[in-house]
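Here are a few friendly notes to read with the model open beside you. Take the points one at a time, and find each residue before moving on.

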Amino acid sequence: MKRGNTRRDFTRVLSLLHFSGLPRCCRRTSSPDACLTRILPASPVPLRESYNSLSVVSNYNALAPVHHDVLGVSPSRSLGDVPASGPGTPHPGVVHLISKGELVTVEDILLILGTEENETKVRILSGLYQHHANSGPSKSGFSIEDVYVRMGWVNVGLCTLIQIRETCTMMLRKRPESDLFTLDKLVLQILKKIITYESTIITKVTADSPKEILDIIRLNDRVHPINTHKNLQHRMTPRYRSLYMLSHKRLPTHPLVILNVAHSDAMFQSVSDILEGCTSPVSGDSLACPQSRDVASRDAFITRYDSGVDATLSLKQQGPQYKCDNFHTFYSITSLRVGLRGIPCGGWLVTKAKKLLAEEEKYGKNVYTTLSPIPGFREWVAVNLKRSATNSAFKEILGDDADRVRDVTQSEKQQDVSTIGLQDTLARLAVYYLTREKQRGFPLDPVAQFHMGNGALLWSIRWAGTRSPQMQSQSYGLMVNYLYDELAPERARTYAESKELELGQTVQQWCQLLP
């Protein structure tokens with residue numbers, strides 16, 4: 001084989017294995033060929049054209065020790081050219097090792113997985129786990145669970161486990177299988193041991209951050225998509241906007257969750273103002289309960305809070321010296337890895353961001369709120385309109401507005417509900433949806449479940465909280481303020497134990513109007 005072909009083939013192996021364990025001098029270059037120029041001898045051992053797992057193992061065993069060092073992993077012994085079985089079966093080479101009672105190393109597993117498609121990786125690990133469970137412990141007494149745990153403590157192995165769980169989730173949606181459920185549960189348990197609050201770090205993303213991080217964030221914000229680089233720059237405007245990411249200590253350039261924060265001297269009431277670059281609130285309003293609109297004390301209460309005086313419920317009475325100078329609005333939080341579902345990385349990021357902001361803003365009172373969507377609200381209304389006869393509470397809330405709500409819900413044209421006089425009716429429906437509709441005792445709305453699970457207070461409902469067509473199609477433009485105060489940790493524990501919801505005064509007043 002010509003040297004050029006060998007160089008290209010070996011470059012492909014390096015790329016497939018993600019440069020795992022490369023010497024530091026190689027990690028600084030993005031070119032696999034540059035690595036080969038520095039390290040490989042003039043006449044490397046030829047490689048085969050096929051790159052399935054067994055042929056890579058065979059090729060690898062034939063390489064000189066210098067090539068083993070380049071790859072950074074070493075199989076404990078030759079796995080042999082055992083013919084591959086059908087899909088869904090354990091890898092024959094690994095089964096051969098187990099049958100001999102020999103220890104399979106982490107490097108063996110990673111070397112095999114490094115050249116497989118995602119679904120094949122899942123099948124290999126699932127089959128290997130089932131084979132070991134059926135055949136009992138090997139002569140060496142090792143546990144296959146321990147092998148998977150050791151995989152997680154290797155950088156490339158941790159990425160592989162996250163990727164495997166994401167693939168498991170996708171495969172389970174297509175066809176639920178007990179073997180996949182077992183593997184998914186096992187991998188989640190391992191990830192929970194490795195990815196903890198203490199092992200994660202928060203990083204403030206700026207225009208000087210690595211380009212690969214900026215690209216990941218720009219392409220993956222699902223709450224408020226970032227369409228251009230200019231929009232991304234707006235989200236990092238000094239003094240008025242901040243962007244944070246959570247990552248694992250061993251993978252600091254791999255964001256797991258991202259958080260967007262807007263800073264102002266008053267509470268933002270419309271997320272559109274934030275996304276359009278406004279430095280202070282311009283539009284939107286809190287939906288006040290009709291029965292309390294003429295009550296002077298209620299107006300004074302809301303005015304005090306929205307103008308910057310901390311009137312947080314259940315806290316001690318505070319005088320003018322507690323004036324709030326800094327409002328921090330969490331307006332977008334996105335998990336980038338489906339494989340981490342079940343691990344509270346989003347809550348950790350909120351907690352760490354609050355601590356970091358408290359250190360940065362040492363003067364004045366800091367208030368932490370959200371402007372959050374209600375993603376399933378409009379769909380929930382549409383479903384209940386079809387079966388309103390069986391949902392008496394829903395029917396009673398609609399009252400005489402049933403036909404108009406049906407027209408607005410079924411219309412493809414995005415309408416401002418406030419202009420057609422439906423804001424009170426839709427606000428009551430939203431409060432009912434957020435506080436009464438439950439799944440296993442927790443709020444049906446996933447965003448409410450997330451924030452209240454982290455100890456936030458359901459503070460207020462905002463009409464015209466967004467002008468985004470996407471948000472209009474989800475919630476008629478209504479959005480929610482959740483409030484994070486110093487009682488959030490205690491409230492989170494209470495919520496987890498009793499599933500009890502704590503509401504702000506405005507939302508409490510709306511609840512009194514519900515059937």
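1. Start with R491 and E502, whose side chains meet in a salt bridge at 3.5 Å, N to O. The term salt bridge stands for a side-chain nitrogen of Lys or Arg within 4 Å of a carboxyl oxygen of Asp or Glu. This pair links distant parts of the chain: R491 belongs to helix α23 (residues 488-498), while E502 sits in the loop between α23 and α24 (505-511), 11 residues apart. Helices here are DSSP runs (H or I, at least four residues), numbered from the N terminus.

2. Before going further, please keep in mind that this is a predicted model, in which local features need pLDDT of at least 70 and side-chain atom pairs count only at pLDDT 80 or more, while totals for chains, interfaces and linings use all residues. Residues are numbered from 1 along each chain as its sequence is written, and side-chain values use heavy atoms, with hydrogens and water left out.

3. Are the two partners in point 1 buried or exposed, or something in between? Buried means under 20% relative accessible area, exposed over 50%, and partly exposed in between (1.4 Å probe, protein chains only). R491 counts as buried because its relative accessibility is 5%, and E502 counts as partly exposed because its value is 31%.

4. Next, look at helix α12 (residues 211-220), which holds both D215 and K211, four residues apart, or about one turn of the helix. Their side chains meet in a salt bridge at 2.7 Å, N to O. D215 is buried, with a relative accessible area of 18%, whereas K211 is exposed, at 58%. Salt bridges that share partners join K211, D215 and R218 into one network.

5. How many salt bridges does a search of the whole structure find? The search gives 12. One further pair to find is R165 and D184, which meet at 3.2 Å, N to O. R165 lies in helix α10 (residues 155-174) and D184 in helix α11 (residues 178-194), so the pair ties together parts that are 19 residues apart in sequence. Both R165 and D184 are buried.

6. Finish with helix α19 (residues 402-410), where the buried residues are A402, V405, V408 and T409. Seen down the axis of α19, they fall within an arc of 130° (taken from the directions from the helix axis to the C-beta atoms), so they line one face of the helix. On the other side of α19, D403 and Q410 are exposed. The buried residues of α19 pack against α17 (377-386), α18 (392-398) and α20 (423-435), where contact means heavy atoms within 4.5 Å.

Terms used
Helix = DSSP H or I, 4+ residues; strand = E, 2+ residues; numbered from the N terminus.
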